[in-house]
Amino acid sequence: MSAPLSHEPPSRDSVTTIRSDGSRPFVYPADAHGRFATARQFSAYALIAFYLSLPWIKVNGYPAVFLDVANRRFHLFGITLAAQDLWLLFFVITGLGFSLFFITSLLGRIWCGWACPQTVFLDHVYRRIERWVEGDAVERRALQAAPMSANKFFKLTLKHGLYVLVSAIITHLFLAYYVSLPEVWGMVRAAPAEHWSAFAFIFVATFGLYFNFAWFREQLCIVICPYGRIQSALIDDHSLVIGYDATRGEPRGKVGTTGVGDCIACNRCVQVCPTGIDIRQGLQMECIGCTACIDACDDIMTKLKRPAGLIRYDSQKAFTGGRTRWLRPRTFLYGLLLLVGASVATWALSTVRPANFGVTRMTGGPYVIDAGSVRNQFLVRIVNKRNEPARFLVRLEDVPKTVRKIGFEEVLEVGPLGEVVQPLVLQQARGAYTGPFHFEVRVEDAAGRFHLERAVEFLGPEARLLREEEEEKHRHERERH
Amino acid sequence: MSTAIPPAPAPAGKKIVLEFNDQIVRQFLLATVLWGVVGMLVGVLIGTQLNFWQANFGLEWLTFGRLRPLHTNAVIFAFVGNMMFAGVYYSTQRLVKARLASNFLSQLHFWGWQAIIVAAAITLPLGFSRGKEYAELIWPINIAVALIWVVFGVNFFWTLARRREPSLYVAIWFYIATIVTVAMLYIVNHLSLPTSFTHSYPLFGGVQDALVQWWYGHNAVAFFLTTPILGIMYYFIPKAAERPVYSYRLSVIHFWSLVFVYIWAGPHHLLNTSLPNWLQNLGMTFSLMLWAPSWGGMLNGLLTLRGAWHKLRTDPVLKFMAVAVTFYGMATFEGPLLSIKSVNALAHYTDWIIGHVHAGALGWNGFMAAGMIYWMLPRLWNKPLYSVPLANLHFWIGTVGILLYVAAMWVSGITQGLMLNATTDHGTVLAYPNFLDTLNSIRPLMLMRVIGGGLYLAGFLVLVYNLWQTIRGAQPVNGTIEVFEDEPKLAATAPHLGLLDTFVSAPVIFSVLGAAFACLWMFTHDLVSILGLVAMLLCGVLAFAHWEARNKAWGSWYDRLLVNSLPFTILTFIAVAAGGLIQIIPTVAARHATKDDDRRQLPYTPLELAGRDIYVREGCYNCHSQMIRTLVPDVLRYGDYSRLSESRYDHPYQWGSKRTGPDLAREGGKYPNVWHVRHMEDPRSISIGSNMPGYPWLLAHDTDVAALPSKLSAQRTLGVPYPNWTPEQINARVMEQARAISTELRTAGAYVAPEKEIIALVAYLQVLGRSEPTAPATVAAK
Amino acid sequence: MKPVLPPTGEESLRPHSYDGIQEYDKRLPNWWLYTLYATIIFWVGYWSYYEWFGAGRTGPQVVNAAMASIEAERLASAPVDDSSLWKMSQNTAIVSAGKAVFDANCSACHLVSMRGKSESPVAIGPDLTDQKWVNGGRPTEVYNLITKGVLTKGMPTWGPVLGAKKISDVTAYVMSRHKEGDPILVETPPPTP
């Protein structure tokens, strides 16, 4: 059952997947079966189902996730956000980041092995296609080495055809996140020339996914991806990692030999490794925590009637005979930061109203002085983020009685997802004007559910100058009479 | 390429103990920490000011426009500068087995540099500024910087000359490139004509100034924030990991490609402007070519660390360095991406760029500094680090800080890109015509960035505490090694490489010919150009074939080059100088116009010039651009795109690199005078929700009219067509224009005396975008 | 767990050691090298495309063309010439669309009746129904005035806010209260005191 490796034996000095001439040995990992493989399979299918179903499920009349960039409306699980609310995305990114930090400090690179789309799609979609078409690792290598034949040609065509098909499906559904499914379907049926940028995106992204999953694979994790490295640096002695219990395993030796440890040097753990490392050399940069070596070793140990767990999830502390401490200062620090972040995010989300509102001055001068009055002109912009018409009450607070509000509608109706821009002109007679003053524009939901305010200043000339001007005019008139 | 250096004769003579000058390293290290705190504190303060304009406490010296240059200069030249000197001096002595050549020069270097920093910290808040990013310091300080840099260079090369280690390690290559290139960039970008002891005008103006500035600005990042730190990486990572460097050949490839390619990419800061197309294409394509060399460095560091990956769990030094290298990788991936014209169209002038820069500064520079400091501390004071858990705490807080900062800036940049470019009615009308709509939408993110930056600073303060507890009461100790007395002579007997052998060698000949043919192809036409392309490709193929066949010869030539520091330095200088010459000389020669230019700037009146100097003094360019790009959203929002000859008389150019506020290139005439006066006095009274600080003191201070005669005479020397006015004539012109504005303001209800600075500034703002039509010039820029 | 390390490949180390630092001479993946070659090929191709064949357009050419097509779009959605605007002022659909725009944006100063100061002395805007015009009374003049505004008098620049279509609608609505050939009395406004 022991298959020869497709690459040099792993060493600590160089990357297994880079040969000494720079070329890349393609890794043919053997199948690993066991409790982790099963658990990972279920979680992966659940994640894939989740990713792919989002554009199909409708909440409040819109897909669960519909990032409508063209119209600058973002529908997320029934909440609709406008471009002005895009800052909330910050909490999504940092929330993911924080969770990654927190989970990594406790459980190591669990993200890489269990949840990263690269691993999920590679292990549970593409490798499965490969396995189905070409057989197990030994057969795959044999097929690769064999001269071209009708059978080989057929298998390769089928495999790559399926790869491309799956890549295209993923790309189309990804596009649907941004333009919705009916739109994607419409584009699929129309000629490419009608929306060639979307067509180019699909074409390039499909090719990119195909290249990545068909050939590039672990190179992405080893060379490109920064998150794996950051996660490695976030691990400490008490974090869980996949490791080999050297105390129990060493020295390695055949079954029946005396004075040897539990490891029988069967190399099964190396054969199943998708990144081509030997886990017995310790924690390494390439390890994505896929658990294949655990399952492989447990399988052997069980057959030998030895306890499982020679390779297992455990902390550095525990591997060296200590005890894993789950509650460490770091756990509390991250826990606290996560709690603060979550509270701020919740509060921030609670400040998001189903409407946005802004006041800006109309272009031109800050104020207009005419024969009898001083006047300020504003534009009030109200954005309705609900999918139904809404009525708003606009009120002005702290405006002196001497100020006339002109063309000013107290009640504004805004259509579903619509925007209304409404002029607001304030006028004060010269005689009543005593200088600038502050006031507030307040927009209330007609049903009284929320209100929004903006502080605004009424501007005008220096009152002294205006008075002098008036006096001068009077003097002129007196002189004329 | 892996030929061994010919075995050197066995050293003979008496064994002596050589003591390194680690005193100077300790000094620079402490200065690094001190200025690091100051620079980051100023960063947090100005970040706060973006949210709470009141955070300048109503003092003109603490406004954003004056403190932002202080922040950038402090973190670049004070924090990273001192860190670089500490690392360079520590590693060089050990890598070449020689004590620093001169104690006096070392101390002069140290105290000179600190004096420069103090001078900067005083002059920048006072408003003494040259008005160019990261080159704001005034001319007397510029001269001091150049002199101290020369002191550094002399001390360094003198030490190399006395080395006992014949061959130069890769870290030394990077230090050499740094010293040579920074000197070249700094001097060229700081050429100025003084008008007084504190004020000068740059020699270049308009588009030339822009090109020189970004040739400098981009390569300040390359040769001040990158190459010396890469050198430091090549010393400290193998030391800390106790692992061999992953690849020597990669060091060679990535060093030469990095220093050669980096220098060309400067114009990517000016994409989508009306800069001649060939320069934009050069900037973009060379930026893309830069990706692989940059990643070569990252991978060499990372794969060196790989052998000690399990130590990442326990050793904070390795944690910091692993993450620093990772951030270097992310920033150098993002950089080429942002240099693609269409991506740049969205991202330029937005917070995305700020996020990009800080990923590099906080992640790469800051974390490399932390890793280096934690590694050096126990060795320089002969005492274990006070607390490893605290160092880990620093790391955790720091990473969280970077996460918050960068995430806030990305989201902010995306929001800005989305909103500022959004149109309705079939693309004919802007969806958010008022700039404030966008600004108000990103305000929460500005707050988040301060929290992120604050956390990063908090982490750094943990380092300060840890450092203090470590060195308190500790005995400083200098490193020593045993050497043979006559070893320097031995280094001198290493295989000599004369200048002839240096240049008449396959690698140099192929490189020079390849570059020459490439230029022939790029810059000539027709048959010559085709021949150039063919010759360039042929040269590449021949070089490759020659290398395949004779790689032992290439290897041994390079080994010989490595034991000869002068030829090495000359070749490095040639590699970095080529790109700059090719970009800048044609533009300087072609004067300011492109052939499509149909309008031309008019010289400023004396009052407008005085107003412009106020604009420069207050650092308005830190938030406002004066460059409408050749992009539809820009044109819809701000008016017709900016012609190059519309800033031909601008010494310094003020195109800007960030739009925290709107573009001002065509601000003139958009609003009445009284709008500007009220807006400068209290921006929020006009622009509801604005985060611009008020400038009430401009209504109180008088314009410096007395300085105008010498300023105008300097401008005339620089080629601005001013008549030879007497001071009285200048004064009369100033007063005439100022009174007219003052009178107009009075009818609009605002009383401002004509002497006040605000009058000059309004005069300048109202002239922005004024030009005279011309027949398209016959001289093309190319 | 002490990692079990295989013997390191000492033989592949370069002989030299600098302060104890040694160097391997390993290769990076070839695909990394190919990305460098690819960017070089891209440079040759991109440069040839723009500078050699002159196939690509410069920034000014692109933006001028784009602005021209935007202008064309504006003209198509809203023709700006007197006869078209007069014709539009006869079209009830356009006029009622224009009325909606007018009521929402203009009535603040010019009143819903469009009669401004003639109706109420405290109104801000002048009467738009009489034959006296301050800034010209031809439809195109009205259209341009709405687009650009009169900053000194407080008439804002509506172009960026409303866009060409709504402005031509509202112009049509204003002109529907006039007839082609009506006398136009251009009145200079009294000087601002």
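A residue counts as buried if 20 or more other C-beta atoms lie within 10 Å of its own, as exposed if 12 or fewer do, and as partly exposed in between. In the predicted model described here, A:Asn267 has 17 other C-beta atoms within 10 Å and is therefore partly exposed. The backbone of A:Asn267 takes a positive phi of about 65 degrees, although the residue is not a glycine, and its place is in the loop between α11 and α12 of chain A. That loop also holds A:Pro251, α11 spanning residues 246–249 and α12 residues 268–271, and a cis peptide bond with omega of about -15 degrees joins A:Glu250 and A:Pro251. Most residues other than glycine have a negative phi, and most peptide bonds are trans.

A positive phi is also found at A:Asp398, a residue other than glycine, with a value near 65 degrees. A:Asp398 lies in the loop between β11 and β12 of chain A, and with 11 other C-beta atoms within 10 Å it is exposed, because the limit for that class is 12 or fewer. In chain B, a cis peptide bond joins B:His651 and B:Pro652, with omega of about -5 degrees, and B:Pro652 is placed in the loop between α22 (632–638) and α23.

Helix α23 of chain B, residues 673–681, has eight of its nine residues buried, so the helix is largely enclosed by the rest of the structure. The buried residues of α23(B) are B:Asn673, B:Val674, B:Trp675, B:His676, B:Val677, B:Arg678, B:His679 and B:Met680. The elements that cover these buried residues include α24 (683–686), α26 (727–747) and α27 (757–767) of chain B.

The largest nonpolar core comprises 373 residues, of which A:Cys293, B:Met321, B:Ala324, B:Met368, B:Val411 and B:Leu761 touch the most other members. Helix α14 of chain B, covering residues 388–420, gives the most to this core, with 19 residues. When residues up to four places away in sequence are not counted, B:Met368 touches B:Ile229, B:Ile232, B:Met233, B:Met321 and B:Ala324.

Two elements of strand pairing in chain A can be described in detail. Strands β4 (residues 73–76) and β5 (residues 79–82) of chain A pair in the antiparallel sense over four bridges, with A:Leu76 standing opposite A:Ile79 in β5(A). The hairpin that β4(A) and β5(A) form has two residues between the strands, and in it A:Phe77 takes a positive phi near 50 degrees.

An open sheet of four strands in chain A has the order β13-β11-β15-β16, with antiparallel pairing. Strands β13 (411–414) and β16 (451–458) of chain A stand at the edges with a single partner strand each, so one side of each is left without a neighbour in the sheet. Neighbouring strands of this sheet are turned by 25 degrees against each other on average, direction ignored. Within the sheet order, β11 (residues 390–397) and β15 (residues 437–445) of chain A pair in the antiparallel sense over six bridges, and the bridge partner of A:Phe392 in β15(A) is A:Asp445.

According to the domain assignment, chain A is divided into domain 1 (1–352) and domain 2 (355–469), and the centres of these two domains of chain A, taken over C-alpha atoms, are separated by 55 Å. Contact between them involves six residues of domain 1 of chain A and five residues of domain 2 of chain A. The side of domain 1 of chain A that touches domain 2 of chain A consists, by class, of one nonpolar, four polar and one charged residues. For chain C, the assignment gives domain 1 (30–56) and domain 2 (79–186), and the centres of domain 1 of chain C and domain 2 of chain C are likewise 55 Å apart over C-alpha atoms.

Between chains A and C, 41 residues of chain A are in contact with 31 residues of chain C. The elements of chain A that give two or more residues to this side are α9 (218–224), β6 (240–244), α14 (316–319), β10 (373–384), β12 (403–406) and β14 (419–429). The largest share of the side of chain A that touches chain C comes from β14(A), with five residues. By class, this side of chain A has 13 nonpolar, 18 polar and 10 charged residues.

Terms used
Residues are numbered from 1 along each chain as its sequence is written. Chains are lettered from A and ligands numbered from 1 in the order in which they are written. This is a predicted model: local features need pLDDT of at least 70, side-chain atom pairs count only at pLDDT 80 or more; totals for chains, interfaces and linings use all residues. A nonpolar core is a set of buried Ala, Val, Leu, Ile, Met, Phe, Trp, Tyr and Cys residues joined through C-beta atoms within 7 Å. Two residues are in contact if their C-beta atoms, placed from the backbone, lie within 7 Å. Domain bounds come from an automatic or database domain assignment. Ala, Val, Leu, Ile, Met, Phe, Trp, Tyr, Cys and Pro count as nonpolar, Asp, Glu, Lys and Arg as charged, and the others, Gly among them, as polar. Two strands pair if DSSP finds at least two bridges between them. Axes are lines fitted to C-alpha atoms, for helices over the stretch in contact, and angles run from 0 to 180 degrees between N-to-C directions.
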